[in-house]
Amino acid sequence: MPLGALLGGSLDLMERAGIDVAVLRDPGRKLALTAPDGTVFITTRPSDVPTYVEAGAADIGIVGRDVLVERDPDVYELLDLGFGACRMAWATREGDDPSDAAIERFGVVTVATKYPRSADIHFSRLGRQTEVVKVNGSVELAALVGLADGIVDLVATGRTLRENGLVEREVIFHSSARLIANRAAYTLRAEEIDAVVAAMRPVVDEGVVE
Amino acid sequence: MNPLERSPERLPTGARDALPGEAAELRRAEDALRRTLRLYGYRELRTPIIEYAGAFERASRDLDEAYRLFDADGSVLVLRPDLTIPAARLIATRMAGHPGAVRASYTGSAFRLPQPGRPRLSEYRQAGAELVGVSGPAADAEIVELLAACLTEAGVAGHRIALGDQAVVNAVLDATVDDPERRTRLRRAAAARDLVAWRHEADGLDPLVAGLPTRRGGADVLERLAADVPAAADACRRFAATLTLLEGSSAGAAVLVDLGIVRARSYYDGVVIEAYAPGADVPVARGGRYDGLSACFGAPRAAVGFGIDLEPLHRAIVAAAGNGDATADGVVLVGGLGAGRATASALRARGIPVVALDDDASVGAALAQAEGWRYVAVPDGAGHRVTDRATGDELTCARIEEDLPSRR
């Protein structure tokens, strides 16, 4: 289970799908919680969800597509859960897009991002020479103070970008929450995992969880 | 960094030692696999570790992750990145005149460059089988049954063998999707196990096709598919015949039909196999039918086979066995280098390992403890005083070479 922005939607969806998630409503400081039916829920930061699932420490998990693109784990991607919608975008300062000028003068565009793989995939697909700078904090700053020509970052409403005088130039991909499964568990516990998917799919198709 | 500053324990990324305990377990697993393969008439063959890169390029094998080297005249060589293609090469070329079906097996190491941030072995051992020269359900079922027997004999429990069929998937896609590029995108999505991308790409298609990679269960899946897509009925019938043959075999209970198993590599063209077992987070075995592979080395020839990865297999064996009794059958024989030499020989002649010592009893006990030997024997009058570490018994044996074999 991803802590943070996706947790609320995950709990709503699972509850509507008939999965008992009561233990997760009041977790206290516990990180692994056992439901009355024996299901063990593991809560972790979103970027660690694919790690736990890929290694089989968890059989299934919920995580944003952005994390999957960035980590490229060897897992099954079973369902697009619909909620947690956002997009990975390339943004630069307002006014003329500085990347053309950067290419012309230096032959390379400098990109600041927390998502170096997503940035790499995007720009190499476009054939644009880039230098990716990995930052961990507020990425907007990098574009504002000239550390980079622009940023690749996750955008939900676009408000943070606008408030910092940045403009979204290109959408790299759209993201939303995904249900993923460990490869071995997908086969060894096929019936149980298929049942979870079958329970979640109608809720997803209804589109009631935001 | 000065290499001398590195710890002498350090190994290159992806490389690993096996200490005696693990080595013994790996040896036991490999022995069980070899024994089972031999019982089914699969004769062992060996191919070189170093091959021409061209041998793999012929089979369209991606060599991005292969170790490359050069020979004296500048030809590009590789440390073999897998064992299937060399086996296919050998059988297609050197055994082209073989009169009937070729049943061949192999055990060996394959090599791949370690990837940053993705810990895995650069040298990995595999054991596999190839059945070349026969097509049809009987051959497919034989290979699946052999795989199940190998896993069981090696000590794996609770495994499942997922079977897909590339011919069924191809027939369904050819019949229902006109655009060849769209078919490729669908196949690629399934091969990447990205069912979200598949459903997105299948949007607007018959719900049956859209749900293809999530079709799992038993043979009933195929009956419905054959009824809905007549063009795929032949392929479905062949696959169903394989499943019927397996039902009556020891593999039957472990088989799970999963049409979502799709291979990106083009030479797979029939049944596809993936075996999983508790304790291993990656498949313990993979395989399938690849009639097209042989054509890369000469004439096309039907072929079906599998490769078992020893590393995940070992984890699955450990998971199945638990932390059970770790003592090895063997005797630490105090005095075995001196007065007890004849006794040591007599025990060895009966197949019991003997560590012969000249030291006193306390050294013997410490050694047995450290190395996990079951018995410590100390001379006592004309016979021996024996400690059985597995049971805790203290025995007095007049003729140890006759008393111990009866306790096994």
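Two exercises on a predicted model follow, each with a worked solution.

Residues are numbered from 1 along each chain as its sequence is written, and chains are lettered from A in the order in which they are written. Local features need pLDDT of at least 70, and side-chain values use heavy atoms, without hydrogens and water.

**Exercise 1.** Find which residues of helix 1 of chain B are buried, and describe how they lie around its axis.

*Solution.*
1. Helices are DSSP runs (H or I, at least four residues), numbered from the N terminus. Helix 1 of chain B covers residues 20–39.
2. Buried means under 20% relative accessible area and exposed over 50%, with a 1.4 Å probe and protein chains only. The buried residues of this helix are B:A29, B:E30, B:A32, B:L33, B:T36 and B:L37.
3. Seen down the axis of helix 1 of chain B, the buried residues fall within an arc of 150° (by the directions from the axis to the C-beta atoms), so they line one face of the helix.
4. An α-helix has 3.6 residues a turn, so residues three or four places apart point the same way.
5. On the face turned away from the buried side of helix 1 of chain B are the exposed residues B:P20, B:R28, B:R38 and B:L39.

**Exercise 2.** State what covers the buried residues of helix 1 of chain B, and what comes just after the helix.

*Solution.*
1. Included in the cover are strand 5 (102–111), strand 6 (123–132), helix 4 (137–154), strand 12 (303–309) and helix 12 (310–321) of chain B. Strands are DSSP runs of E, at least two residues.
2. Just after helix 1 of chain B, B:G41 has a positive phi of about 80°.

Methods
Expected span 1.5 Å × (residues − 1). Contact = heavy atoms within 4.5 Å.
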